[in-house]
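Please look over the sequence and the model, then read on.

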Amino acid sequence: MYLFFADIILFFHFILVFFITILFFIVPIGYKFEWNWVSSIKVRVIHFFLMLLITIETFFEITCPLTYFENTLRGNLHSASFVGKLVSQLIYWNLPNIFFTVIYFVCLIWTLIMWKIYPPRSISHV
(Lines give C-alpha, C1' and ligand atoms only; values in the text may rest on other atoms or scores of the structure.)
Protein backbone atom coordinates (compact mmCIF):
# COMPACT_ATOMS: atom_id res chain seq x y z
CA MET A 1 0.00 0.00 0.00
CA TYR A 2 2.88 2.38 0.75
CA LEU A 3 4.23 1.89 -2.76
CA PHE A 4 0.89 3.03 -4.17
CA PHE A 5 1.10 6.32 -2.24
CA ALA A 6 4.75 6.67 -3.22
CA ASP A 7 3.75 6.32 -6.88
CA ILE A 8 1.04 8.98 -6.40
CA ILE A 9 3.63 11.36 -4.93
CA LEU A 10 6.01 10.55 -7.79
CA PHE A 11 3.27 11.25 -10.34
CA PHE A 12 2.40 14.56 -8.63
CA HIS A 13 6.11 15.41 -8.60
CA PHE A 14 6.26 14.71 -12.33
CA ILE A 15 3.26 16.99 -12.95
CA LEU A 16 5.00 19.82 -11.07
CA VAL A 17 8.23 19.29 -13.04
CA PHE A 18 6.23 19.29 -16.27
CA PHE A 19 4.32 22.46 -15.29
CA ILE A 20 7.49 24.33 -14.35
CA THR A 21 9.38 23.24 -17.47
CA ILE A 22 6.61 23.75 -20.00
CA LEU A 23 5.89 27.29 -18.83
CA PHE A 24 9.39 28.36 -19.87
CA PHE A 25 8.31 27.68 -23.45
CA ILE A 26 4.55 28.28 -23.31
CA VAL A 27 4.66 31.82 -21.90
CA PRO A 28 6.48 33.36 -24.91
CA ILE A 29 4.40 31.31 -27.34
CA GLY A 30 1.19 32.18 -25.49
CA TYR A 31 1.98 35.87 -25.62
CA LYS A 32 2.49 35.64 -29.38
CA PHE A 33 -0.88 33.93 -29.83
CA GLU A 34 -2.57 36.03 -27.11
CA TRP A 35 -3.50 33.16 -24.82
CA ASN A 36 -4.83 34.91 -21.72
CA TRP A 37 -4.04 32.14 -19.25
CA VAL A 38 -0.26 32.45 -19.76
CA SER A 39 -0.39 36.00 -18.44
CA SER A 40 -2.50 35.06 -15.42
CA ILE A 41 -0.90 36.49 -12.30
CA LYS A 42 -1.88 33.34 -10.38
CA VAL A 43 -0.16 31.00 -12.83
CA ARG A 44 2.93 33.18 -13.03
CA VAL A 45 3.26 33.62 -9.24
CA ILE A 46 2.94 29.86 -8.71
CA HIS A 47 5.56 29.26 -11.40
CA PHE A 48 7.95 31.82 -9.91
CA PHE A 49 7.46 30.54 -6.36
CA LEU A 50 8.10 26.92 -7.38
CA MET A 51 11.21 27.89 -9.36
CA LEU A 52 12.51 29.95 -6.44
CA LEU A 53 11.82 27.12 -3.99
CA ILE A 54 13.61 24.56 -6.17
CA THR A 55 16.60 26.85 -6.65
CA ILE A 56 16.91 27.48 -2.90
CA GLU A 57 16.54 23.78 -2.09
CA THR A 58 19.24 22.85 -4.56
CA PHE A 59 21.62 25.65 -3.53
CA PHE A 60 21.42 24.60 0.12
CA GLU A 61 21.35 20.88 -0.80
CA ILE A 62 17.94 20.37 0.80
CA THR A 63 16.03 17.30 -0.33
CA CYS A 64 12.74 18.14 -1.98
CA PRO A 65 9.88 17.27 0.40
CA LEU A 66 8.17 15.26 -2.33
CA THR A 67 11.33 13.21 -2.88
CA TYR A 68 11.72 12.74 0.87
CA PHE A 69 8.15 11.49 1.35
CA GLU A 70 8.33 9.27 -1.70
CA ASN A 71 11.59 7.69 -0.53
CA THR A 72 10.23 7.28 3.00
CA LEU A 73 7.15 5.47 1.71
CA ARG A 74 9.35 3.23 -0.42
CA GLY A 75 11.82 2.56 2.38
CA ASN A 76 14.39 4.27 0.13
CA LEU A 77 13.73 1.76 -2.62
CA HIS A 78 12.95 2.76 -6.19
CA SER A 79 9.54 2.16 -7.67
CA ALA A 80 8.81 -1.40 -8.71
CA SER A 81 6.06 -0.41 -11.14
CA PHE A 82 6.81 0.24 -14.80
CA VAL A 83 5.25 3.70 -14.73
CA GLY A 84 7.06 4.54 -11.50
CA LYS A 85 10.41 3.53 -12.99
CA LEU A 86 9.74 5.52 -16.15
CA VAL A 87 8.71 8.67 -14.28
CA SER A 88 11.67 8.32 -11.89
CA GLN A 89 14.07 8.18 -14.84
CA LEU A 90 12.51 11.33 -16.28
CA ILE A 91 12.79 13.48 -13.15
CA TYR A 92 15.74 12.02 -11.19
CA TRP A 93 19.07 12.41 -12.95
CA ASN A 94 22.32 11.10 -11.52
CA LEU A 95 24.40 14.25 -11.99
CA PRO A 96 26.44 16.41 -9.59
CA ASN A 97 24.51 18.91 -7.47
CA ILE A 98 26.37 21.84 -9.05
CA PHE A 99 24.79 20.97 -12.41
CA PHE A 100 21.30 21.37 -10.96
CA THR A 101 22.25 24.48 -9.00
CA VAL A 102 23.44 26.22 -12.17
CA ILE A 103 20.50 25.03 -14.28
CA TYR A 104 17.91 26.05 -11.68
CA PHE A 105 19.57 29.42 -11.15
CA VAL A 106 19.52 30.08 -14.91
CA CYS A 107 15.86 29.03 -15.04
CA LEU A 108 15.06 31.33 -12.13
CA ILE A 109 16.73 34.22 -13.96
CA TRP A 110 14.77 33.34 -17.12
CA THR A 111 11.56 33.35 -15.05
CA LEU A 112 12.36 36.89 -13.89
CA ILE A 113 13.22 37.96 -17.44
CA MET A 114 9.87 36.58 -18.64
CA TRP A 115 8.15 38.77 -16.03
CA LYS A 116 9.78 41.77 -17.69
CA ILE A 117 9.32 40.74 -21.33
CA TYR A 118 5.95 39.01 -20.91
CA PRO A 119 4.46 40.60 -17.79
CA PRO A 120 1.54 38.94 -16.07
CA ARG A 121 -1.71 40.83 -16.20
CA SER A 122 -4.26 41.48 -13.52
CA ILE A 123 -6.86 38.82 -12.92
CA SER A 124 -9.57 40.92 -14.57
CA HIS A 125 -7.87 40.39 -17.96
CA VAL A 126 -7.91 36.63 -17.69
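The side chains of Arg 74 and Asp 7 form a salt bridge, with N and O 2.6 Å apart. A salt bridge here is a side-chain nitrogen of Lys or Arg within 4 Å of a carboxyl oxygen of Asp or Glu. Arg 74 belongs to helix α3 (residues 65–74) and Asp 7 to helix α1 (residues 2–32), so this pair ties together parts that are 67 residues apart in sequence. Helices (H or I, at least four residues) and strands (E, at least two) are DSSP runs, numbered from the N terminus.

The model is predicted: local features need pLDDT of at least 70, and side-chain atom pairs count only at pLDDT 80 or more, while totals for chains, interfaces and linings use all residues. Residues are numbered from 1 along each chain as its sequence is written, and side-chain values use heavy atoms, with hydrogens and water left out.

**Salt bridges**

The whole structure has two salt bridges. Side chains of opposite charge can pair when their charged atoms come close. Besides its bridge to Asp 7, Arg 74 forms one with Glu 70, where the closest N and O atoms are 3.0 Å apart. Arg 74 and Glu 70 are four residues apart in helix α3, so about one helical turn separates them. Through shared partners, the salt bridges join Asp 7, Glu 70 and Arg 74 into one network.

Arg 74 and Glu 70 are both buried, whereas Asp 7 is partly exposed. Buried means under 20% relative accessible area, exposed means over 50%, and partly exposed is in between (1.4 Å probe, protein chains only). The table lists relative accessibility for residues of this report.

| Residue | Relative accessibility | Class |
|---|---|---|
| Arg 74 | 4% | buried |
| Asp 7 | 22% | partly exposed |
| Thr 67 | 14% | buried |
| Ile 117 | 46% | partly exposed |

**The chain as a whole**

The protein chain has five helices and zero strands, and its elements run α-α-α-α-α from the N terminus on. Of the 126 residues in the chain, 33% are buried. Among contacts between residues at least 6 apart in sequence, 82% join residues at least 24 apart; contact means heavy atoms within 4.5 Å.

Thr 67 is in helix α3. Leaving aside neighbours within four places in sequence, Thr 67 is in contact with His 13 and Tyr 92. Ile 117 is in helix α5. Between Ile 117 and Tyr 31 there are 86 residues of separation in sequence and 9.8 Å in space, C-alpha to C-alpha.

**Helices α2 and α5**

How do the axes of α2 and α5 cross, and at what angle? The axes of helix α2 (residues 41–59) and helix α5 (residues 97–117) come within 9 Å and cross at roughly 155 degrees. That makes α2 roughly antiparallel to α5, a term for angles over 145 degrees. Axes are lines fitted to C-alpha atoms, for helices over the stretch in contact, and angles run from 0 to 180 degrees between N-to-C directions.

The crossing is left-handed, that is, the near helix is turned anticlockwise from the far one by less than a right angle. Residues making the contact include Phe 48, Met 51 and Leu 52 of α2 and Tyr 104, Phe 105 and Leu 108 of α5. The residues of this contact divide into 15 nonpolar, six polar and one charged. Ala, Val, Leu, Ile, Met, Phe, Trp, Tyr, Cys and Pro count as nonpolar, Asp, Glu, Lys and Arg as charged, and the others, Gly among them, as polar.

Notes
Parallel < 35°, antiparallel > 145°, perpendicular 65-115°, else oblique.
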